[in-house]
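Please read the points alongside the coordinates.

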Amino acid sequence: MGEPICQVCGEGEETIEHLMFFCTIAKEVWRLAPVQWDGIEDRRGNFNTWWSELMEASSRKEGQQHQTLTVNILWQLWKARNEKIFNNKSRNPFDIVQKAHLEWIEYTEVQGTGKLASRQETSASNEEAPGDTTNSNTMTIIVEVSQQKETKTMGIGIVATKDKVHAAWAMKDKSTGDTLLDYAAALKLVLCKITEKHWPAVHLLVSSAHMVRMLRNNKTTDIRLFAQLEDIHMFKALFMSCSFSLVANQCNRLGRRISKYATRLAQDEEYLSPLCQMTQL
Ligand SMILES: [Zn+2]
């Protein structure tokens with residue numbers, strides 16, 4: 001079966017390890033990046049192992065700051081890959097590092113004293129606790145996916161609410177043609193996307209009951225789905241609390257509209273409140 005060929009470099013299979021470390025552009029980005037990870041360099045062959053080590057590194061001095069910068073770099077690499085696939089635009093490695101660095105500086109400034117939840121806290125409260133997953137600090141995120149069979153794309157509609165709508169995104173990605181696989185890939189993208197916002201607690205509303213069950217008991221016989229689930233759980237570790245439940249049908253109309261709209265996009269769109277553009281959808 002195998003992974004598709006990487007469209008950024010045209011060599012190598014498009015695995016997460018390839019995109020993040022071994023693709024020509026990724027290699028250059030890491031060479032330029034102002035962050036070095038002694039000891040975990042060798043673990044790059046397996047993204048999950050590398051990621052676990054990165055998460056553990058936060059207990060070291062300055063570990064959390066380096067970690068945030070590293071996550072920003074990963075996110076910029078992902079955006080560069082999408083730019084190439086959807087708009088055929090190549091971003092240069094220096095710009096990628098600059099962008100990640102700038103966002104990291106903005107983030108640390110916002111944090112002020114640098115009070116971040118410790119990673120130990122993160123993994124402890126990360127366990128699924130159905131029925132008691134939200135509190136007044138929780139950002140509720142509605143995720144809706146629309147597949148477009150002819151163009152083999154999917155549109156992802158994301159709406160973040162806490163009392164009112166705070167942000168929404170319309171994103172596009174390749175569709176596998178399989179509903180569950182697409183949904184899992186979309187959730188991964190969403191988690192990756194919302195780490196940018198640094199919301200400590202998030203509750204994701206999912207419109208597939210099957211998906212919610214799988215996220216809770218982590219059981220599937222499909223190896224591709226299993227790999228996606230592992231990635232989702234890895235991204236979950238970035239939040240103090242992250243949970244999933246089934247969305248009530250009447251609540252996700254906006255999400256569904258955005259996801260349909262997103263299938264036609266040339267590039268991802270973001271709407272932050274006051275959301276003037278969203279009334280157009
Ligand atoms: Zn590549």
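1. Strand S4 and strand S5 (residues 241-246) run parallel and are joined by six bridges. Within this pairing, Leu205 has Ser245 of S5 as its bridge partner. The model under review is a predicted one.

2. Strand S4 also pairs with strand S1 (residues 139-148), again in parallel, through five bridges. Here Val143 is found opposite Val206 of S4. As for burial, S4 spans residues 201-206 and is mostly covered, five of its six residues being buried.

3. Which residues touch the most other members of the largest nonpolar core? They are Ile141, Val143, Ile156, Ala186 and Val190, in a core of 68 residues. Helix H7 (residues 179-194) makes the greatest contribution to this core, supplying nine residues. Both domain 1 (16-116) and domain 2 (125-280) are represented in the core, each by at least three residues.

4. With neighbours within four places in sequence set aside, Ile156 is in contact with Val143, Val145, Met171, Asp173, Ala186, Leu189, Val190, Ser259 and Ala262. Among these contacts, Val143, Ala186 and Val190 also belong to the group that touches the most other core members.

5. Helix H3 covers residues 47-56, and its buried residues are Phe47, Trp50, Trp51 and Leu54.

How values were computed. Residues numbered from 1 in each chain as written. Predicted model: local features only at pLDDT ≥ 70, side-chain atom pairs only at ≥ 80, totals over all residues. Buried ≥ 20, exposed ≤ 12 C-beta atoms within 10 Å, placed from the backbone. Helix = DSSP H or I, 4+ residues; strand = E, 2+ residues; numbered from the N terminus. Core = buried A, V, L, I, M, F, W, Y, C linked by C-beta atoms within 7 Å. Domains from an automatic or database assignment. Contact = placed C-beta atoms within 7 Å. Pairing = 2+ DSSP bridges.
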